[in-house]
Amino acid sequence: MEVRLIINGDPVTVSASPDEVLLDTLRSLGYKSVKRGCDSTSCGVCNIHINGKVVPSCAYLTVRAHEQKITTLEGLQEQAREIAEYITAEGVEQCGFCSPGYMMSLLALFQENPHPTMDQVKHYLAGNMCRCSGFEGQHRAIAKYLEVKKG
Amino acid sequence: MKIKELSRPATLDEAYGQLKENDKAVILGGGVFLKLQQRTIPLVIDLAQLGLDKIELTPDGCMIGAMVTLRQVEIDDRLPDALRHCVRQIGGIALRNLATLGGSVMGRYPFSDVMTVLLALNANLHFHKSGKMPVQHFADKGLNEADILVGISIPHVKGSLFSAYKPVYTDFSLVNFAISKSEKYTISFGAAPGRAKRIEMEALADLELILSSFTFGDDRRASGDYRRALAQSMLEDACKEAKEWK
């Protein structure tokens, strides 16, 4: 089926089988920030935005994204870099595999709620798994970022 | 999961016609559980373009479209507390932006937090062909013939709450519980580990009587005794809160 996608603002037309998911479509188009983790909507590493909402791309049928606005981390590098500086300053990053999905959740949260409490942050990130860190470092980084943002 | 053909009907009649024509057709809600199934489906019917993603207040309560996502439910302050709270720990927010309320109902999942709450809220299901059906009837018997869930209506309640025990924040519940008050109290326990059941009580006096109306069984995640102890604790906490419901 012919599907017209709008990826990070660029119109892209692809041919997709009915059971193709966006994870595969996006990776084959070269958007390699989108990772395959559990492939069962449990880990968060394949998270992308569709019309501003964070979704797991491993379960989102490509056909359903016809004429929808898709955003991957490639399209949000400036915003991501600002937060990433706090995360790397805490020495959290080890393998980095979860980072793009984690960042996509975080950016969706800040779009909805620019000044969340740490409880709201933890609730929002509950679906993003990281096997290296134990999450404490990320939480410290986000707390510091929010503190600075608050001014 | 393999899909041979996917249709995106523009009207409910069209979707229903396709469902009746092909007895192996499957309705697509959010597609989260469908994705996990190891089978080939000849026809998947996508309901995304039928405008079933609205939450509306009605004179009796509210009407929630079958394609409303769990995240929409979570953030809509107009909905009963029990319903908003029960979706908060179902996967992460990304999953809840995809998973639909209709999909949570139609799977008749024994572990469902949503079904336990809909039972306690005396909800009704609205089908395209069969019309209105109490959620209890559907939970017990399922459907006689293929049909499409259009929406879920919930009458006004004076108060409601949900609680569950999850070993990990986004885990499946070891046991879940919901209670509401309208004229009477409606109480339900689910994931015990069987499908949720509900009872009605005039008063919350005899907690042993309430607990003895439910079956708490063993599985590899927990024993029946453990589930019953959790259930008792949830019920005791709820009774304190329920005193405030006028």
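The buried residues of helix α3 of chain A are covered by elements that include β3 (47-50), β4 (53-56), β5 (69-71), α2, α4 and α5 of chain A. Buried means under 20% relative accessible area, exposed over 50% and partly exposed in between (1.4 Å probe, protein chains only). This is a predicted model, in which local features need pLDDT of at least 70 and side-chain atom pairs count only at pLDDT 80 or more, while totals for chains, interfaces and linings use all residues. Residues are numbered from 1 along each chain as its sequence is written, chains are lettered from A and ligands numbered from 1 in the order in which they are written, and side-chain values use heavy atoms, with hydrogens and water left out.

**Helix α3 of chain A**

- Since 12 of its 14 residues are buried, α3(A) is largely enclosed by the rest of the structure.
- Among the buried residues are A:Gly101, A:Tyr102, A:Met103, A:Leu106, A:Leu107 and A:Phe110.
- The end C-alpha atoms of α3(A) are 20 Å apart, which agrees with the 20 Å that its 14 residues should span at 1.5 Å a residue; the expected span is 1.5 Å times one less than the number of residues.
- Helices (H or I, at least four residues) and strands (E, at least two) are DSSP runs, numbered from the N terminus.

**α2 against α3**

- Helix α2 (residues 77-89) and helix α3 (residues 99-112) of chain A pack at about 110°, with axes 11 Å apart; axes are lines fitted to C-alpha atoms, for helices over the stretch in contact, and angles run from 0 to 180 degrees between N-to-C directions.
- The pair is therefore roughly perpendicular (angles under 35 degrees count as roughly parallel, over 145 as roughly antiparallel, 65 to 115 as roughly perpendicular and the rest as oblique).
- Their contact (heavy atoms within 4.5 Å) joins A:Gln79, A:Ala80, A:Ile83, A:Ala84 and A:Ile87 of α2(A) to A:Tyr102, A:Met103, A:Leu106, A:Leu107 and A:Phe110 of α3(A).
- By class, this contact of α2(A) with α3(A) has nine nonpolar, one polar and no charged residues; Ala, Val, Leu, Ile, Met, Phe, Trp, Tyr, Cys and Pro count as nonpolar, Asp, Glu, Lys and Arg as charged, and the others, Gly among them, as polar.

**α5 and its partners**

- Helix α5 (residues 136-150) of chain A has 15 residues and reaches 21 Å between its first and last C-alpha, close to the 21 Å expected.
- Its buried residues include A:Gln138, A:Ala141, A:Ile142, A:Tyr145 and A:Leu146, and their cover includes α2, α3 and α4 (118-124) of chain A.
- Just after α5(A), A:Gly151 takes a positive phi of about 75°.
- α3(A) and α5(A) pack at about 30° with axes 14 Å apart, and are therefore roughly parallel.
- Here A:Tyr102, A:Leu106 and A:Phe110 of α3(A) meet A:Gln138, A:Ile142, A:Tyr145 and A:Leu146 of α5(A), a contact with six nonpolar, one polar and no charged residues.
- The axes of α2(A) and α5(A) come within 8 Å and cross at roughly 130°, which makes α2(A) oblique to α5(A).
- A:Glu82, A:Ile83, A:Tyr86 and A:Ile87 of α2(A) meet A:Ala141, A:Lys144, A:Tyr145, A:Val148 and A:Lys149 of α5(A), a contact with six nonpolar, no polar and three charged residues.

**A look at chain B**

- B:Leu207 sits in helix α9 (residues 207-212) of chain B.
- Leaving aside neighbours within four places in sequence, B:Leu207 is in contact with B:Leu235, B:Glu236 and B:Cys239.
- B:Leu207 and B:Glu236 are 29 residues apart along the chain, with their C-alpha atoms separated by 7.8 Å.
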